[in-house]
Amino acid sequence: MRPCIIALSKSSRIQDKIAVLDAGADDFLSEPMNRDEFKARITAHIRRNFENSLNENTMLFDDKITYKMLKRAVNSGKNRAFMLISIEKLGDYKEIYGEFAADKILQTCSAVIKSALSADDYTGHLQKDNFIVITGNEKAERIANYIIYTFDTAVSKFYNKSDNERGYIFLHGDDEAENKTGFVYLSIGVITNQYTK
């Protein structure tokens, strides 16, 4: 996350405060400074920065933070597994059921992924419908199997009764000819640094 710049000064003149804030500072405190107020202001800035880095739909970190976490994990020297999880056919689903319904699938996928991870694992976005998981080598296959099973169990709830009975949905092309497409599903690719960096 970007640094938080807080100016400390003996001056309490409003012109000085405005000048410092206009110059790029995030906050301004006059001396004498109260330690609890300083801590509260730092916490508020960190929280705001944290919230601005989250995908508002899934509440997971966006690509900027995810790339930093990937770089940190790769350079750590620890054996790690890196999982790319992609929701396939989400665009087709969105075309028929709409943006709101597609967002519900993203939220469900996010919840399923989070439920499979422990506190030392990481998950975030590279793109809106892609997720990255960083975990231990020994857990990756188990996590992938759990995520796929749980998501596949839930996916039928996002389709209406007739689509569920058919097992596919119809799309309309430019020529209005009906095209069939299957239900959304997950693709998971795993890369590990266990044998090569």
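**Notebook: rings, a helix, a loop proline**

I started with the aromatic side chains and found that ring pairs link Tyr 93, Tyr 97, Tyr 159 and Phe 183 into a cluster. I keep in mind that this is a predicted model.

**Aromatic pairs.** I counted 5 aromatic pairs. One of them is Tyr 159 with Phe 183, a stacked pair at 3.8 Å centre to centre and 15° between the planes. I then checked where the two partners sit. Tyr 159 is in the loop between helix 6 and helix 7 (161-166), and Phe 183 is in the loop between strand 7 (178-181) and strand 8. They are 24 residues apart, so this pair links distant parts of the chain. Are they buried or exposed? Tyr 159 is buried at 6% relative accessibility. Phe 183 is buried too, at 16%, because the cut-off for buried is under 20%.

**Around Tyr 168.** Next I looked at Tyr 168 and Phe 170. Their pair is edge-to-face, with 5.5 Å between centres and 90° between the planes. Tyr 168 is partly exposed at 24% relative accessibility. Phe 170 is partly exposed as well, at 27%. I also searched for charges over the ring of Tyr 168. The charged end of Arg 166 sits over this ring, 5.6 Å from its centre. Lys 180 lies over the face of Tyr 168, 4.9 Å from the ring centre.

**Helix 6.** I moved on to helix 6, residues 140-155. Its 16 residues reach 22 Å from first C-alpha to last, close to the 22 Å expected at 1.5 Å a residue. Which residues of helix 6 are buried? I listed Ala 140, Ile 143, Ala 144, Ile 147, Phe 151, Ala 154 and Val 155. They cover an arc of only 110° around the axis, so they lie on the same side of helix 6. An α-helix has 3.6 residues a turn, so residues three or four places apart point the same way. On the other side of helix 6, I found Glu 141, Arg 142 and Tyr 149 exposed. What do the buried residues pack against? I noted strand 3 (80-88), helix 5 (99-116), strand 5 (130-136) and strand 8 (185-192).

**Cysteines.** I looked for disulfides and got 0. I checked Cys 4 and Cys 109 for accessibility. Cys 4 is partly exposed at 33%, whereas Cys 109 is buried at 0%.

**Pro 32.** Last, I located Pro 32 in the loop between strand 2 (27-30) and helix 2 (35-52). Pro 32 is exposed, with a relative accessible area of 79%. From Pro 32 to Ser 9 I get 8.8 Å, C-alpha to C-alpha, across 23 residues of sequence.

Definitions and conventions. Residues numbered from 1 in each chain as written. Predicted model: local features only at pLDDT ≥ 70, side-chain atom pairs only at ≥ 80, totals over all residues. Heavy atoms only, no water. Helix = DSSP H or I, 4+ residues; strand = E, 2+ residues; numbered from the N terminus. Buried < 20%, exposed > 50% of the residue type's maximum accessible area, 1.4 Å probe, protein only. Expected span 1.5 Å × (residues − 1). Arc of directions from axis to C-beta. Contact = heavy atoms within 4.5 Å. Disulfide = S-S within 2.5 Å. Phe/Tyr/Trp six-rings, centres within 6.5 Å; stacked < 30°, edge-to-face > 60°. Lys NZ or Arg CZ within 6 Å of the ring centre and 35° of its normal.
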